[in-house]
Amino acid sequence: HMEDKRISMIMPTHTRFEQLTQLLNSIFNQSYQIFEIMLIDDLSSDKTNEIYGDYHDKRLKYFRNYENLGMGLNRQKGYNLSEGDYIIFCDDDDYFIDHTYFFDLINIFKDESINIVCSESYTHYEEDDLYEFSDINIDSEIIESIEYLKNFMIKYKKPKSTFTAAFRRKTLIEAQFKEMTMMNDTSLYLRALMMGGNTFINKKIIGIYRVHSSNDTFNTKSDFIIKNLEEKRKIYEYLREHNQFSNLEGWYAKQVGITVNHFLRSNPDLKGRSRSEERRVGKECRS
């Protein structure tokens, strides 16, 4: 029965008690109530460790790390501990505004060909208190996942962050998520898309993606980028082995360029040597 299907929320957190509380409230307020929350506390220095007592709900499962693992390994830990049929990776500073979102997901996933559901969101620029709608810019309701992959960040945008997408667990198992070393949003999407099937584009605006000074996006380190490139190489090798589409080398080169450009934008002091840096990192990726 679809009514028994469980949604797993994979939620790393680090010292964001107030934002985390808003996110948890937006989940507990959902009209569909069969879910679990895998809250991985990455050594928070605030009162995050008291949050379990605030809810007294067995669906909230709290795990505190003994050492700082970082976003990717925290997502990995939460995913490995989860048991739900559908998976949502959720950052602690985003939240949902559509109370029927989970109910919609359950109904959409009744179509066995759909492996991923991507939804729309607002971006809230907190410093200026501005809200902006960012369209995924795919017109059709259903798109073949390989077609989306071929044009990922080229013709089609990716969903904002990770909380705006839900994955069928079976697809993530096939995509060997347990072996991933880099679980940033792009890698999550590409791994899931490469397994084929269909992606559903949900045109509802389901939540708020916050932009603030302590976003992980704005603190991009070089080792993060290297791991990102390694993950893209694994995806490229899988696609080559399975002969998924033509001009794969061109696609791969564009994906490497997207990662490098993101790194350079996140590190303005590197702008002066951007071309040599791009060549160097690109070379490391290909070797």
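Residues are numbered from 1 along each chain as its sequence is written, and side-chain values use heavy atoms, with hydrogens and water left out. Because the model is predicted, local features need pLDDT of at least 70 and side-chain atom pairs count only at pLDDT 80 or more, while totals for chains, interfaces and linings use all residues.

**Overall**

The protein holds 10 helices and 10 strands; these are DSSP runs, helices being H or I with at least four residues and strands E with at least two, numbered from the N terminus. Of its 287 residues, 53% count as buried, that is, under 20% relative accessible area with a 1.4 Å probe, protein chains only. Among contacts (heavy atoms within 4.5 Å) between residues at least 6 apart in sequence, 75% join residues at least 24 apart.

**Cavity and pocket**

Both kinds of space are found on a 1 Å grid over the protein atoms alone: a cavity is a set of points where a 1.4 Å probe fits but cannot get out, and a pocket is an open set with protein on both sides within 12 Å along at least five of seven lines. Lining residues have an atom within 4 Å of a point. A volume is the space filled by probe spheres set on the points, which are joined across faces, edges and corners.

| Space | Volume | Main contributor to lining |
|---|---|---|
| Largest cavity | about 30 Å³ | strand β6 (residues 114-125), three residues |
| Second largest pocket | about 170 Å³ | helix α8 (residues 222-241), four residues |

The structure has one cavity of 30 Å³ or more. Its lining includes S119, E120, S121 and K158, and divides into two nonpolar, three polar and four charged residues. The lining of the second largest pocket, with R191, K234 and E237 among its residues, divides into four nonpolar, one polar and six charged. Here Ala, Val, Leu, Ile, Met, Phe, Trp, Tyr, Cys and Pro count as nonpolar, Asp, Glu, Lys and Arg as charged, and the others, Gly among them, as polar.

**A buried leucine**

L105 lies in helix α4 (residues 101-108). L105 counts as buried because its relative accessible area is 1%. Leaving aside residues up to four places away in sequence, L105 touches I7, I88, V117 and A166. L105 and A166 are 61 residues apart in sequence, and their C-alpha atoms are 7.7 Å apart in space.

Conventions: Buried < 20%, exposed > 50% of the residue type's maximum accessible area, 1.4 Å probe, protein only.
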